Amino acid sequence: MALLQISEPGQSPNPHERRVAVGIDLGTTHSLVAAVRNGVAECLPDGQGRVLLPSVVRYLAGGGRQIGYAAQENLAMDAENTITSVKRFMGRSLGDVVGADKLPYRFADNAGMLGIHTVVGEKSPVEVSAEILATLRYLAEDTFNSDLYGAVITVPAYFDDAQRQATKDAAQLAGINVLRLISEPTAAAIAYGLDNAVEGVYAIYDLGGGTFDISILRLTQGVFEVVATGGDSALGGDDYDHALADWVLAQTGVLAVSPADKAALKVAARACKESLTSAKVAPFAAHLSGGVLQFEVEQSQFYAATAALTARTIAAVRKAMRDAKLTVQDVQGVVMVGGCTRMPQVQDAVAQFFGRAPLTNLNPDEVVALGASVQANQLAGNNAAGDLLLLDVIPLSLGVETMGGLVERIVPRNQTIPTAMAQDFTTYKDGQTALALHVVQGERDMVSDCRSLARFELRGIPPMAAGAARIRVTFTVDADGLLSVSALEQVSGVEARIDVKPSYGLGDDQIAQMLKDSFSTAEADMRARALIEARVDADRLVMATQTALQADGDLLDAQERSNIDLAMQALLQAKSGDDAAKIESVSKSLAQATEAFAAMRMNRGIASALAGKNIAAL
Amino acid sequence: MNLQSNDFELFGLAQRFEQDRAVLDAKWKELQREAHPDKFTAQGAAAQRVAMQWSVRINEAYQRLKDPLKRAAYLCELGGAPVNAHSNTAMPTHFLMQQMEWREALEDASSAQALETLRQNVEHSKQELLNQCAQFLDVQGNRSAAVQPVRELMFIEKFALDLDRAFDKFE
C-alpha cells in the first residue's frame, strides 16, 4: 500500500516524487502530447480544449513564429513561410522527396538533409520539428506546473537511421530529454493491448499523414514483441490528397503553379477527401489565382484515383506477414491507427486481406500518443509495479559496401534490438594500411539503391600481405534503433568507431547554441532555478551513492573507495555554497568517480537476477 | 553467470540439440525483463551501457538457440568440433549433384506450384538432416559427427532463401 507523502513547504522535494513524463506523437499532419494521470493515460488539451496540434509552423518577418492552428489558418495566404508536413523532410535530401515540385517551398539542396528558405532565413526540418516539440513541451509543463522530466517520442516503424537521428536531434533542440524513441504502431499496440487485456498476434495497420507502417506483434503477459515490421516512410494521407488534386486538375485542365495555388489545392483536396469518408459525392473547391475551381467528386472516382496507393500498403502488409512467417489465420486482430484509416476504401482493403473486419474502436488519432505516455510513465520510474516490456525490431537491414558497389548485410531487418552483430573483412592489396567503410541501410543488393548513412576510415593497419588482416566490423543498434559502428583490426588492435549521425552538419555545439537562442527563459529566473536544481540533483546523487556503498561497497578496493568518499565530501561542501555551476561541476566529478562502481553494481545486479530466474525455473 | 557464459548457461538450459521452443521464448522474455535498458532509463548513462551489453548478449543467445541450424553448429563448436564453414568447403559428390538439380529446378520453375513442389523437397531434406543432427548430438553424444550434416544444412539454408525470393515473381 502506498502512503501519500507530503513535504513541508519550502523543503527540498522528495526524491521519490512523481516525475512528469509524457508521450509525444510527432505526426505529419498533427502532433499530440499525452500523460498518465491518476493511473489513466490521456491526451493533454490546450487552453481551448483541443488535443490535436496541427504540425504547422509559420515563420514571420521580424523573427516571430506561429505554431499550430494559428499557422494553419494562414497556410494559403503565406504558403512559402508556412511549413506543413515537415516530417516528410526529416533526414531526407531534396532528391529523396517525391513531388517536391508540387510543394510551395523554396528548398535548399543541402547534402544529407534539405533546408527550406523562409522569410527569416534557411530552416532545417529539425528546427521546424523542434518548434512543434517545444510547443508540446510547454503545454505539458503548464498542465502539470512542473518541469518535464522526459518524453517518449514516437517515430514511424519504418523510419531509417537518419530519420530517427533527426527526430532525436529535434527533441534535444526543444530541450526535451528523450527517454526512448519508440515505433508508432508499437505505441498503438500498447494502448490497445493494455486497454483490452488481449494476448496473441496482432497486426497494426498505421496510415498517417505522410507515412505508412505495418507491424506484426505478439502480445504475452505485458511483453510486446514486434515479430516483423514493414511499410513506406513516404506514403500517407498527403499522397491521397495529391492524387485527388492531380485527378481533378486532369479532369478540368486547370494548372496550379504559384505557391499559393499549390497550398490552396492541398487544403481543398483534404477537405474533399474527408467529406468523401461518409458522403457519396463531395465538392472540390479551391480559390486559385486564375479563378475559382469548383468540381464534384464521386466517392468511386476518389477510390479509383487512389487505388494504387492502397494497393501499395497491402503489398507491404503481405511482405511483413511473410517476414513474420505467419498466415492471416494466426492473426487475432487488426488494429487501425492514423486518421487516414477512416477512409472506407482503406478499411475495405484491410478487411479483405485479413478476412476480418479491422478494429476501429480506438480513436486512431490519439492511440499512438496514449501508448507512448504509458511507456514514458514506466521509463520514468513512476510505475514500479509495471511489467510492460517492449521488444522492438530494426525495420531495415544494415550493411557495408564491398567490392563492386555491392552491399554486405551485417544486421538483417526485423532483428530484435538492442543488437550487436559483427562480420570479418580483410584487405585486398599487399601493404594496404587503411580501409574505407561505407555504412548503408536498405534491402537492395546495390549500394546505389540503399541509403548511405556514414563513411569512415580505419587507418594505421600495419602493412601485411593481402588477405592477412582480420578486420572485425561491429554494428551496434541501441534500444532507440540508432546505430554505431566500430572496426577493429585483430592482429594489430587498431580500432576506429563512429556514431552514425546524418551528415546535415548540426554538431552538438550548434544544437547547444540554437537551444540557447530560441528556447531560453528569462535569465534571472534561470539562475535561481539552476541553483535549486543543482542542489536537488546533488542531494539525489549523494543519497544514491551512500545507498550504493552500503549495498555493494565490497566490490571496491580501498583506493577506489577513498576516491568516492573524497568526491562525496567535496560535493557536500559545494552544496552549502550558492554557486550553481560549481555544484554542477563537483556533482559531475562524483558521477565520474562512481561510474565504474555503477557499472560493477549493475553487472552484479543483472547477473544475479538472471541466475535467480534460472534457479526459479528448475 | 557473466557476459562470457555460454548461451545454454545464460538461458539455464541443458546443452542439448532438442529444445522446446515455447520454453525458450518464455525464457528469453524473462531474461529481457531483468536486463533490458528500458528497466534502467532513470539510472544514467553507465547503467544504460551495462544493461545494453546484457540485453544484446541475451538477444544474441536467443537468435542462436531458437534456430536449429545455428544451435547445432554452436553445439559442435562448444564440443571442440567447429564447423569452419568458410575454410572447409569440400562436399560429397551426391550432395553437390542434388544442389545442382535444385538450382536448375529453381531456374526452370514457371509457376508458384512448381516452386512449392521444390520447397517441399528442400524442406524434406532439411528435416532429415536435422534428425541426423539430433541423433549425433543428443543420442550418440558425437559432436564431430554432426559437423557434416550441419555444413550440408548451411548450403540448403542458403538455397531456401533464394527459393523464398523466387516466390515474389508469381505474386
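**View 1. Helix α4(B) passes helix α7(B) in a left-handed crossing.** Left-handed here means that the near helix is turned anticlockwise from the far one by less than a right angle. This is a predicted model, where local features need pLDDT of at least 70, side-chain atom pairs count only at pLDDT 80 or more, and totals for chains, interfaces and linings use all residues. Residues are numbered from 1 along each chain as its sequence is written, with chains lettered from A and ligands numbered from 1 in the order in which they are written. The axes of α4 (residues 68–78) and α7 (residues 143–166) of chain B come within 9 Å and cross at roughly 145 degrees. Those axes are lines fitted to C-alpha atoms over the stretch in contact, with angles running from 0 to 180 degrees between N-to-C directions; the helices are DSSP runs (H or I, at least four residues), numbered from the N terminus. On the α4(B) side, look for L69(B), A72(B), A73(B), L75(B) and C76(B); α7(B) answers with R143(B), A146(B), V147(B), V150(B), L153(B), M154(B) and E157(B). In contact means C-beta atoms, placed from the backbone, within 7 Å. The tally is 10 nonpolar, no polar and 2 charged, counting Ala, Val, Leu, Ile, Met, Phe, Trp, Tyr, Cys and Pro as nonpolar, Asp, Glu, Lys and Arg as charged, and the others, Gly among them, as polar.

**View 2. Here chain B touches chain A.** Chain B puts in 24 residues and chain A 28. On the chain B side, α2 (21–35) and α3 (44–66) each give two or more residues, and α3(B) gives the most, with 9. By class, that side has 12 nonpolar, 7 polar and 5 charged residues.

**View 3. The largest nonpolar core has 176 residues.** Such a core is a set of buried Ala, Val, Leu, Ile, Met, Phe, Trp, Tyr and Cys residues joined through C-beta atoms within 7 Å; buried means 20 or more other C-beta atoms within 10 Å, exposed 12 or fewer, and partly exposed in between. V22(A), I24(A) and L133(A) are among the members that touch the most others. α3(B) gives the most to this core, with 11 residues. A second, separate core of 14 residues includes A72(B), L75(B), F136(B) and L137(B).

**View 4. A134(B) sits in helix α6 (residues 112–139) of chain B.** A134(B) is partly exposed because 17 other C-beta atoms lie within 10 Å. Leaving aside neighbours within four places in sequence, A134(B) is in contact with F17(B) and E18(B).

Methods
Two residues are in contact if their C-beta atoms, placed from the backbone, lie within 7 Å.
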